[in-house]
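Hi everyone, thanks for coming.

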Amino acid sequence: MIQAGAASYLGLSLPQLLRAKDTRKSTSATADACIVIFLDGGPSHLDMWDPKPDAPAEVRGEFKPIQTSVPGVMFGEHLPKFARQMHRCSLIRSAHHSVNNAHAAAVYCALTGHDRGEIGGGASPDDFPCIGSVVGTQRPPANAVPPHVLMPYITKEGAGGPPQPGFFGGWLGKTRDPLVILRDPNAADFALPELTLGPDIDPSRFNARKLLSEKLSAARATNSDPDLEGIRAKAYDLLTAPAMREAVRIDREPAKLRDAYGRNIYGQSVLLSRRLIEAGTRVACVSWAPDANATWDTHGNNFTKLKGELLPQLDSAFSTLLDDLDARGMLERTLVVVVGDFGRTPKINTNGGGRDHWNFCYSLVLAGGGVKGGYVHGASDKIGAKPSRNPVTPADVIATVYECLGVPHDLELRDRLARPFVLCPWGNPIREVLA
């Protein structure tokens with residue numbers, strides 16, 4: 001009230017004051033879009049990005065270290081293509097948080113920056129929103145494409161469990177949920193028929209139906225659900241927009257490029273992410289697991305799973321994505337984030353050579369979109385158990401992502417009941433990572 005009164009005295013209206021406040025809160029974007037490759041389940045930092053060749057055998061594991069494109073920075077031997085991209089990346093080796101048990105709570109923490117401890121459970125309308133939902137409100141696409149797309153799974157908290165939190169609009173409402181693509185883009189018949197009009201519906205008939213629907217909605221306006229009306233409006237836009245229909249035509253990509261990404265559901269989802277970003281989508285998220293225990297949760301046979309399947313797929317998809325973005329002139333304005341919910345234990349267990357959950361220290365990678373290339377932030381101790389230098393939290397990582405995308409991490413947003421929430425107050429952008 002005092003601010004508003006003083007502003008009036010100085011000749012500023014309330015809208016002018018709010019615009020001035022928004023200007024002070026704005027940040028200069030170094031990225032226009034973001035691709036999140038989320039390694040759901042917890043990738044082993046010790047076997048991927050932070051090898052410990054001098055540690056005891058029960059810590060260092062079976063894999064040998066290899067040199068990356070940055071002198072002195074070593075990766076695990078089964079990421080050779082990824083290693084050759086290190087000069088384009090910022091590697092963070094000192095991330096940590098408080099969640100060591102529930103995947104759901106760790107995923108939520110990693111994707112929103114909000115650490116609520118071991119409070120598990122599925123996605124809730126009261127959750128803080130994910131990156132794509134926020135960026136969609138602050139920097140909506142310039143054309144009729146969804147601002148945020150999630151693929152190829154709605155990852156469950158265990159087989160048959162509820163959807164994990166952290167991927168959705170939360171208190172921003174259902175209209176801010178991502179468009180979800182649940183079909184396998186590697187399938188020969190991959191298509192999204194729901195984005196096209198039926199064979200008996202031509203554009204004029206569709207427009208007539210839309211007009212009738214709008215009239216009926218207006219007649220029952222007092223009882224209408226604003227979320228439902230917003231979702232219906234988005235559906236109309238998608239059905240009449242050529243950009244989205246063209247973006248999902250992954251079959252138009254050269255066979256050689258598709259092979260390079262990897263002819264599997266994840267490699268082709270990463271390629272589809274690039275096509276969506278190119279069409280105008282702001283954030284594309286690839287969740288690398290149908291459920292929390294299915295892929296990167298390597299409690300048993302850690303080395304067999306990593307060597308035989310997980311690392312070769314990630315190696316091809318990530319390295320090809322960076323080359324592809326660079327060749328198209330998109331890497332400079334596209335932020336790529338590769339992260340999981342936590343790391344794995346330094347000590348190998350007796351369950352067939354597995355590693356268990358480890359939240360006390362883990363690694364992640366950022367590339368493009370305004371981050372430094374060839375940079376390593378922080379370090380872990382001699383066995384990869386605790387940060388030994390420059391520890392960071394998921395809130396710091398998320399604040400850094402928002403900084404690149406031009407969204408203040410301390411932005412105040414309001415839910416559907418007009419209640420104020422600060423986006424990510426606990427973290428600070430990692431300035432050393434920013435170019």
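Let's start with helix α6, residues 103-112. Ten of its ten residues are buried, so α6 is largely enclosed by the rest of the structure. Buried here means under 20% relative accessible area, with exposed over 50% and partly exposed in between, using a 1.4 Å probe and protein chains only. Before I go on, this is a predicted model, where local features need pLDDT of at least 70, side-chain atom pairs count only at pLDDT 80 or more, and totals for chains, interfaces and linings use all residues. Residues are numbered from 1 along each chain as its sequence is written, and side-chain values use heavy atoms, leaving out hydrogens and water. Helices (H or I, at least four residues) and strands (E, at least two) are DSSP runs, numbered from the N terminus.

What do the buried residues of α6 pack against? Their partners are β1 (33-39), α7, β8 (334-340), β10 (357-358) and α14 (394-404). Contact means heavy atoms within 4.5 Å. Just after α6 comes Gly113, with a positive phi of about 85°.

Now please find Asp127, in the loop between α6 and α7 (131-138). Is Asp127 buried or exposed? It is buried, with a relative accessible area of 6%. Its side chain has a polar contact of 3.3 Å with the side chain of Arg116, and it also reaches the backbone nitrogen of Ser124 at 2.7 Å. By polar contact I mean a pair of N or O atoms within 3.5 Å; within protein, one must be able to donate a hydrogen and the other to accept it, and residues adjacent in sequence count only if both atoms are side-chain atoms. Leaving aside neighbours within four places in sequence, Asp127 is in contact with several residues, including Tyr108, Pro165 and Trp171. Tyr108 is itself one of the buried residues of α6.

On to the aromatic rings. The structure holds 13 aromatic pairs. Rings of Phe, Tyr and Trp (its six-membered ring) pair if their centres lie within 6.5 Å; planes under 30 degrees apart count as stacked, over 60 as edge-to-face and the rest as tilted. Take Phe75 and Phe82: their centres are 5.7 Å apart and their planes are at 75°, so this pair is edge-to-face. For Phe82 and Phe318, the centres are 4.0 Å apart and the planes at 15°, so that pair is stacked. Phe82 sits in α5 (residues 80-83) and Phe318 in α13 (residues 302-327), so the pair ties together parts that are 236 residues apart in sequence. Phe82 has a relative accessible area of 0%, and Phe318 also has 0%. Together with Trp49 and Phe75, they form one aromatic cluster.

Finally, the sheet. Eight strands form an open sheet in the order β6-β5-β7-β1-β8-β11-β4-β12, with mixed pairing. Which strands are at the edges? They are β6 (179-180) and β12 (375-377), each pairing on one side only. Two strands pair if DSSP finds at least two bridges between them. β1 pairs with β7 (residues 283-287) in the parallel sense over five bridges, and Cys34 stands opposite Val283 in β7.
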